[in-house]
Amino acid sequence: QPANYVHGGSPATTPRADEEGHAFVHVLSLDEDSAHCIDLPAGFGLRAPESNAIAVSDDALFAIDGATGNVAAIDPDTYRLLAMSNVALGTPGAPAVGAARGRRLYVAQGSTVAVLAGDSLAVRDRWPITGEATAVGASAGRVFVATADAMYVFDAATGRRLGSVPQAGIDAIDLVGGLGG
């Protein structure tokens, strides 16, 4: 590993012999021209890779383990774990997708969207959808959830479903926005 690679806040010199495997998140710093490896708690992200997801907000990075329901909030500036929670997200083991906006984290898994508080990671609401979620995106006032054949639009504040649009094949929502957010 190059000298500018940092593991767990200190230079990595040898692999940890006490574990067969562990999950981590790489945070790339363009200012420092380095990569930081943030270790996740034991058992995180090791069961079903397809049910793992990452979501990023203005002030946090969220790691989601849909197989176990573990969710971690990470400060991307200090590279520290801010919070960890174990919650029922949706269908355990199903692919999970996430998006963050403001003080909310939206995790879609199976036919459920779980709305979590960004600071405590406590579940604040659940929204049902028809079909299995394939992508989620959030703007200032709306949350967009894609399935194999439709895009659903929710009011971010109330969770009320505002409508849906038939659309096949959406597997990612890269950017959601417009005038005013």
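Strand 5 covers residues 52-56. Its covered face carries Ala53 and Ala55. Asn52, Ile54 and Val56 make up the uncovered face. Strands here are DSSP runs of E with at least two residues, and helices are runs of H or I with at least four; both are numbered from the N terminus.

The model is predicted: local features need pLDDT of at least 70, side-chain atom pairs count only at pLDDT 80 or more, and totals for chains, interfaces and linings use all residues. Residues are numbered from 1 along each chain as its sequence is written, and side-chain values use heavy atoms, with hydrogens and water left out.

## The hairpin to strand 6

Four residues form the hairpin link from strand 5 to strand 6. Strand 6 spans residues 61-65. The two strands pair antiparallel, over five bridges. Pairing requires at least two DSSP bridges between the strands. Val56 lies opposite Leu61 of strand 6.

Strands of a sheet pair through backbone hydrogen bonds, either parallel or antiparallel.

Strand 7 takes in residues 70-75. Six bridges tie strand 7 to strand 8, and the two run antiparallel. Asn70 faces Asn86 of strand 8.

## Leu105 in strand 10

Leu105 belongs to strand 10, residues 104-109. Leu105 has 0% relative accessibility, so it counts as buried. The cut-offs for relative accessible area are under 20% for buried, over 50% for exposed and in between for partly exposed (1.4 Å probe, protein chains only).

Contact means heavy atoms within 4.5 Å. Beyond its neighbours within four places in sequence, Leu105 contacts Ala55, Phe62, Ile64, Val71, Ala99, Ala100, Ala114, Val115, Leu116 and Leu121. Ala55 is also on the covered face of strand 5. Leu105 and Val115 are ten residues apart in sequence, and their C-alpha atoms are 5.8 Å apart.

## Thr147 in a loop

Thr147 sits in the loop between strand 14 (142-146) and strand 15 (150-155). Thr147 is buried, at a relative accessible area of 1%. Not counting residues up to four places away in sequence, Thr147 touches Ile129, Thr130, Gly131, Glu132, Ala133, Thr134, Tyr152, Gln167 and Ile170.
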